[in-house]
Amino acid sequence: VDGQDYKAAMRYLNDALETYPADPGLANSIYNSRGLIYQEWKDYARADADFRKAVRFATEIGSTRIQAMYLRNIA
């Protein structure tokens, strides 16, 4: 994502999500990163949906700091 190769980043994120679907620690980061990509693509509905999934997983692992970060992305 930082390298702005959003197509490749999205492919890698989706691969990681398929490989490790039950890991909430990883899922929250993946959904947040996907949300950032969707924002860059101006697909705000998908960005919002992924940020909300990221918040849900951050809640599941009990990280209020990460929840706050992701809620800021939604705002």
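Contact here means heavy atoms within 4.5 Å. Ile-61 touches Pro-24, Gly-25 and Asn-28, leaving aside residues up to four places away in sequence. This is a predicted model, in which local features need pLDDT of at least 70, side-chain atom pairs count only at pLDDT 80 or more, and totals for chains, interfaces and linings use all residues. Residues are numbered from 1 along each chain as its sequence is written, and side-chain values use heavy atoms, with hydrogens and water left out.

Now the overall plan. The chain has four helices and zero strands. Helices (H or I, at least four residues) and strands (E, at least two) are DSSP runs, numbered from the N terminus. Along the sequence, the pattern reads α-α-α-α. The radius of gyration is 12 Å, close to the 11 Å that the globule rule gives for 75 residues, so the chain is as compact as a globular protein of that length. That radius is taken over C-alpha atoms, and the globule rule is 2.2 Å times the number of residues to the power 0.38. The C-alpha atoms fill a box of roughly 30 × 30 × 20 Å along the principal axes.

How much of the chain is buried? Of the 75 residues, 37% are buried. Buried means under 20% relative accessible area, exposed over 50%, and partly exposed in between (1.4 Å probe, protein chains only). The accessible surface comes to about 4800 Å², and carbon and sulfur atoms hold 50% of it. These areas come from the Shrake-Rupley method with a 1.4 Å probe; for residues, only the protein chains shown count as cover. Among contacts with a separation of 6 or more, 42% join residues 24 or more positions apart.

Start the walk in helix H1 (residues 6-19), where Lys-7 lies. Lys-7 is exposed, at 66% relative accessible area. From Lys-7 to Met-69 there are 62 residues in sequence and 24 Å in space, C-alpha to C-alpha. Further on, the charged end of Arg-11 sits over the ring of Tyr-12, 5.3 Å from its centre. Such a charge counts if NZ of Lys or CZ of Arg is within 6 Å of the ring centre and within 35 degrees of the ring normal.

Next come the rings. A pair of aromatic rings is described by the distance of the centres and the angle of the planes. The structure holds two aromatic pairs. Tyr-31 and Phe-57 are stacked, with 5.8 Å from centre to centre and 0° between the planes. Rings of Phe, Tyr and Trp (its six-membered ring) pair if their centres lie within 6.5 Å; planes under 30 degrees apart count as stacked, over 60 as edge-to-face and the rest as tilted. This pair links distant parts of the chain: Tyr-31 is in helix H2 and Phe-57 in helix H3, 26 residues apart. Both Tyr-31 and Phe-57 are buried. The ring centres of Tyr-38 and Trp-41 are 6.0 Å apart with planes at 70°, so that pair is edge-to-face. Tyr-38 is buried, at 11% relative accessible area. Trp-41 is partly exposed, at 40%.

The loop between H2 and H3 holds Lys-42. Most residues other than glycine have a negative phi. Lys-42 has a positive phi of about 60°, although it is not a glycine. Lys-42 is also exposed, at 60% relative accessibility.

Helix H3 contains Arg-52. Arg-52 is partly exposed, with a relative accessible area of 48%. Its C-alpha atom is 11 Å from that of Arg-34, 18 residues away in sequence.

Ile-61 is partly exposed, at 39% relative accessible area. The C-alpha atoms of Ile-61 and Tyr-6 are 27 Å apart, across 55 residues of chain.

Which residues of helix H4 (residues 64-74) are buried? They include Ile-66, Gln-67 and Tyr-70. These residues cover an arc of only 100° around the axis, which puts them on the same side of H4. The arc is that of the directions from the helix axis to the C-beta atoms. An α-helix has 3.6 residues a turn, so residues three or four places apart point the same way. Helix H2 (24-40) and helix H3 (44-60) are among what covers the buried residues of H4. On the other side of H4, Thr-64, Arg-65 and Arg-72 are exposed.
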